[in-house]
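Student: I would like to go through the helix packing, the sheets and the aromatic pairs of this structure. Please give the cut-offs as we go.

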Amino acid sequence: MLPDHAVALDTWSVISLWTAIAVYALAFIAYAVDLARRSEASVRMKDRRAELVAAGGGSALAEEPAGGDPAVPHNPVMARIGTTLTWIAFLLHLAAAVMRGIGAGRVPWSNMYEFAMMGTLLVTGVYLGVLFWKDLRYLGAFMTGLVTVLLGASSMFYVEITPLMDPLKSVWLVIHVFVASLATAFLALGFALSVLQLLQARRERRAVEDESLATKKSLLRTLPSAEALEGLAYRFAIVGFIFWTFTLIAGSIWAQDAWGRYWGFDTKEVWTFIIWVLYAGYIHARATRGWQGTRSAWLSIVGFVAVLFNFTIVNMFFEGLHAYSGLE
Amino acid sequence: MSNSRSDLTQNSSADPRRPDDHVDASPQPVTQPKLSLVGWLRWAWRQLTSMRTALVLLLLLAVAAIPGSIFPQRMANPNGVTQWESDNPDLFPVLDALQLFDVYSSAWFSAIYLLLFVSLIGCILPRTKHHLGALRSRPPRTPARLARLADHRVEEAEDADPARAIELAEKRLKRQGYRTERYDQGGSLSVSAERGYLRETGNLVFHASLVGILVAVGVGGQFAYTGQSVITEGTTFVNSLLNYSSMNKGRLVADDALAPYAMTLDSFDVTYVPAGENGAGQAGDFSANVTVRDASGEESEDAVRVNHPLHVYGDAIYLLGNGYAPTIVVRDADGEIIYNESVPFLPQDSNMTSLGVVKIPDGLDEQMGLVGFFYPTQYELASGAFSSAYGDLVNPVLTLNVYVGDLGIDDGTPRSVYTLDPTGMEQLTGGETGTDSIELSPGETMDLPNGQGTVEFVDETPEGADPAEVGYTESVKRYVSLQVHHDASTIWVLTFAILAVLGLLTALFIPRRRIWVKVTPHGSGATIEYAGLARGEDPAIARAVDALADQHGRDLRAG
Ligand code: HEM
């Protein structure tokens, strides 16, 4: 039976969540302004370069540092505001999840609404955690944008707190879904970096063909080189892949207990498998001659599109045993 | 780039072996295959075991798995296939011929994964052989010009004793888990160090475990069986082939594979969320309480619950479903009992409106069939039709429509016990007949049409129960449908899966690196060079070289 205060807590949870969505949107704006400023800064960098080139006579392209120029005259105040707002949104978001969990008397990830809330919470959490290690604030606009959209859409899935169905009463619910969300968070970062890698690679390629482009205004010029982005994307993807492998195994163990077989080609199982194979392909591609760089980046992108597809379309429209979205 | 793969040093015997088109392999000259059979075979084998083929097959596998999530699959959802067929009668034969309803056992899907695994085995066998050798190999010679390496650092050490300096460096590296070798030449002393052989071991363990999983699944399936049976409260199921309502078994399951035990369903528990709460009417906490008796008569009590299968004699027993089994007694015109059974009714909705059939082939003038609806909590819709408002037994009502004629079971045609084929039968009550359906509460009896006899809906409430307390809640027996599953390979699949994860972690996170320290004496001191080379993805190598240089400097100063 549900705790007495379930309804009240759920109401506060919803309020907190909507506040979080609003703050995420603000964070997105701040980050977007920061990106625009980066683009501006790249023009000033051009001026500086031009001086350097005039003085040293070297080619502008050769001067460009591979790992982003620490001396780029870019004032990251908007990025700092963006990150602060993201932290505030994250804490509100966390509060929403915790209240929902206490209200329900169980972990808050057992229907589609709660999966969306939990998944995006972890996406933000991983992003904020990664910032301690590396300055990836240029991904901030993408991450907060993604979370705002997904959370906003999750309101479509809203359901009241109801008691768990029997098959969901399992420790594997706690483990399997949590790890899947964690994997998604890392794969999302890998995806964002792969997209940037593609854009960067295109710019670098063009710059070689047409030197005037090398100094053109572009925020990409303030970002690391395509090769560095690729390395980063790969590192996030392999962490995500390992969590995904774990999701697959934990899901099988649970299926063995709940449905009497560890694997039955249920739609959700199939898509989890497809995603796993796609990322195995991506990892291979990175080690295959002729597939490094742009080609492998596409695989990382396709992989993450499959992750999103699996969470949205497959949950809502495909038939299967994983009928736990809580939607009619 | 400090973390890129490098072709600076030639592939040595200590390096992992790689397919020709791997980024770390030295490029092979593109050779035309020799126009002999062996030449062609060798060429074909090289293609099959290349990285590119593995990659393409992986992508193909992903794409080929998609249709199975779009079309219903016979394996997972046979009813869905039947439904699809009746919805698209024209398209069905075409898609069926393409095996789109059996994707995961189809010829094309099997071809892809079998090729992938042949490629995989062809890939890992030579690599394993090579790696076993590499595990015993010594770190390679120190390159002549360390300065060419990306991660390189030079320190001047005045007053340093070169011999001691190199010794200290070797000791430091050993302590960090490196395998070391001294190479002194041309007046300089050097130590060559390598670590991370486990990276390749992990990769091989991972890939080999995938083969292990496939083999375990394939072999295990031959010895596995899955059966379904229905047990009503108070009755006993004896584990033999005859007593299963359906049974799937692998080709190599022996006739006497079924363990001799019997299982009685003592009671079935379920709770319902009361009206007025969120999720009202939702059923849960199912528990089939059973007594298991082995061949020697030893008894033990246990329960089968969702997520908690019961493990007995190597079988795992699962709770698949449950329902009501109203006890129906039919008497002929003389009052003789000609039928007395608890009949499992199939639930039709979440409030347990249930449908069941009674077939009485003998004892009356004509064969009789009763098609019944059971409503645990009956209420009347505006249309006058009945429905159930709640899953528990609050106001149980049984309605029966009577058919007489030929049940169609005498010629041996298999018929489902849950459906009645009305062709060749005459309907006597309900529907268009103008006669009301028979409508019974527990304990009631009514006459059959045309004075053929009576039918009773037996009240199963135990004697001595206080009616004020239990009401109708125990008036109808429940049944469970159980699945008995036997598959000894599960544990192997799990073992290989865990090995695969461990291998993966090792392969992706243990860095494989070479470090060199070279001491070149001059005058009173020495120049000390530190250099590192990553083998495969290794973002931290530059830091490792720096840390070594710092530590070594401290070691030297410490005396
Ligand atoms: C069942 C299909 C396969 C799957 C799911 C798979 C998966 C993976 C994964 C996840 C990795 C990265 C982890 C590691 O380094 O151990 C990897 C690496 C590797 N795989 Fe596979 N693999 C498959 C088949 C193959 C085949 C057929 C070959 C041989 C052609 C192969 C050769 C390699 C090699 C050489 C690496 C190391 C890549 C590197 O240097 O980073 N794999 N594989």
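Tutor: A crossing is left-handed if the near helix is turned anticlockwise from the far one by less than a right angle, and right-handed if clockwise. Helices (H or I, at least four residues) and strands (E, at least two) are DSSP runs, numbered from the N terminus. The model is predicted: local features need pLDDT of at least 70, side-chain atom pairs count only at pLDDT 80 or more, and totals for chains, interfaces and linings use all residues. Residues are numbered from 1 along each chain as its sequence is written, chains are lettered from A and ligands numbered from 1 in the order in which they are written, and side-chain values use heavy atoms, with hydrogens and water left out.

Student: What is the handedness of the crossing of helix 4 of chain A and helix 5 of chain A?

Tutor: Helix 4 of chain A and helix 5 (residues 140-154) of chain A have axes 9 Å apart at an angle of about 170 degrees. Axes are lines fitted to C-alpha atoms, for helices over the stretch in contact, and angles run from 0 to 180 degrees between N-to-C directions. The two helices are therefore roughly antiparallel (under 35 degrees counts as roughly parallel, over 145 as roughly antiparallel, 65 to 115 as roughly perpendicular and the rest as oblique). The crossing of helix 4 of chain A and helix 5 of chain A is left-handed.

Student: How many charged residues has the contact of helix 4 of chain A with helix 5 of chain A?

Tutor: Contact means heavy atoms within 4.5 Å. Residues of helix 4 of chain A, including Y113(A) and Y127(A), meet residues of helix 5 of chain A, including G140(A) and S154(A). Ala, Val, Leu, Ile, Met, Phe, Trp, Tyr, Cys and Pro count as nonpolar, Asp, Glu, Lys and Arg as charged, and the others, Gly among them, as polar. The contact has nine nonpolar and four polar residues, and the charged ones number no residues.

Student: At what angle do helix 4 of chain A and helix 9 of chain A cross?

Tutor: M112(A), F115(A) and A116(A) in helix 4 of chain A meet F311(A), T312(A), N315(A) and M316(A) in helix 9 of chain A. Helix 4 and helix 9 of chain A are roughly antiparallel to each other. The axes of helix 4 (residues 112-131) and helix 9 (residues 294-317) of chain A come within 12 Å, and the crossing angle is roughly 175 degrees.

Student: How far apart are the axes of helix 8 of chain A and helix 2 of chain B?

Tutor: Helix 8 of chain A passes helix 2 of chain B in a left-handed crossing. The residues of this contact divide into 15 nonpolar, two polar and no charged. Helix 8 (residues 267-285) of chain A and helix 2 (residues 51-65) of chain B pack at an angle of about 160 degrees, and their axes lie apart by 9 Å.

Student: Which residue stands opposite L310(B) in strand 11 of chain B?

Tutor: Five strands of chain B form an open sheet in the order 6-4-24-11-10, with antiparallel pairing. Two strands pair if DSSP finds at least two bridges between them. Three bridges join strand 10 of chain B to strand 11 (residues 315-325) of chain B. Opposite L310(B) stands I317(B).

Student: Which residue in strand 13 of chain B stands opposite V330(B)?

Tutor: An open sheet of four strands in chain B has the order 13-12-23-22. Strand 13 (337-342) and strand 22 (445-447) of chain B are at its edges, each with a single partner strand. Five bridges join strand 12 (residues 327-332) of chain B to strand 13 of chain B, which run antiparallel. Opposite V330(B) stands Y339(B).

Student: Why is the pair of W87(A) and F90(A) described as it is?

Tutor: Rings of Phe, Tyr and Trp (its six-membered ring) pair if their centres lie within 6.5 Å; planes under 30 degrees apart count as stacked, over 60 as edge-to-face and the rest as tilted. A search of the whole structure finds 33 aromatic pairs over all chains. For W87(A) and F90(A) the ring centres are 5.9 Å apart and the planes stand at 90 degrees, so the pair is edge-to-face.
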